Amino acid sequence: MAQYHCNYCQENIFGLRVKCAECSDFDLCLQCFCCGAEIGCHKRSHEYQIIDCGNFPIFEAPHAWKASEELKLLDAVEQYGFGNWDDIANQIQSRESGEAKAHYSTLFIHGNIGKGSKRLLLYVAFASGDEAKRPHLFRGWTSVTEFIVSATYVGAYPPRATGAGLHAKQG
């Protein structure tokens, strides 16, 4: 069932809708808006907002979850914690726990988003001098230079001429 209906043609609105910024509780479907529909106090010259309920995909296939599902996934992982896939799936409502786990792992851990996040985590640990305390974070990096180049690539580390003196106090 649609949550909104067009105040002009009375049809249900399932995708994009136009909300009048001047009239109270007044929505138009795209067709009526494009025709310049006016009814009652509503005039075509009123300010408006284009509203979308999140039915478009953010990522391309085969990861074509709706934007609203992606948002629910990220909110649920934050709320219930990584690994509580049954609770996360209940929050999303339109996906099973296995789908949520696979999608999150594919995009947000092993995909470009996850890789960028790992580099940022490494940068924070390196910049704060924690590389000696947390050597497990640096496994897979062949050198400090490789780490700096990778971190610079994601915009997390300012380029430097040499690696010498990275922890030296400036004064």
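Strands and helices of the model

Val18 has Ile50 in strand S5 as its bridge partner. The model that shows this pair is a predicted one. Strand S3, residues 17-20, pairs with S5 over 4 bridges, in the antiparallel sense.

These two strands belong to an open sheet of 3 strands, arranged in the order S4-S3-S5 with antiparallel pairing. At its edges lie strand S4 (27-28) and strand S5 (48-51), each of which pairs on one side only.

The helices come next. Two packed helices are described by the angle between their axes and the distance between the axes. Helix H2 (residues 67-80) packs with H4 at an angle of about 90°, and their axes are 11 Å apart. Angles of 65 to 115 degrees count as roughly perpendicular, and H2 and H4 are therefore roughly perpendicular to each other. On the H2 side, the contact is made by Glu70, Leu73, Leu74 and Val77, which meet Ala100, His103, Tyr104, Leu107 and Phe108 in H4. Sorted by class, this contact of H2 with H4 holds 7 nonpolar, 1 polar and 1 charged residues.

Helix H4 (residues 97-109) also meets helix H3 (residues 85-92): their axes come within 8 Å and cross at roughly 100°. H3 and H4 are therefore roughly perpendicular to each other. From H3, the residues Trp85, Asp86, Ile88, Ala89 and Ile92 meet Ser97, Ala100, Lys101 and Tyr104 in H4. The contact of H3 with H4 has 6 nonpolar, 1 polar and 2 charged residues.

How values were computed. Residues numbered from 1 in each chain as written. Predicted model: local features only at pLDDT ≥ 70, side-chain atom pairs only at ≥ 80, totals over all residues. Heavy atoms only, no water. Axes fitted to C-alpha atoms, helices over the stretch in contact; angles between N-to-C directions. Parallel < 35°, antiparallel > 145°, perpendicular 65-115°, else oblique. Contact = heavy atoms within 4.5 Å. Nonpolar A, V, L, I, M, F, W, Y, C, P; charged D, E, K, R; others polar. Pairing = 2+ DSSP bridges.
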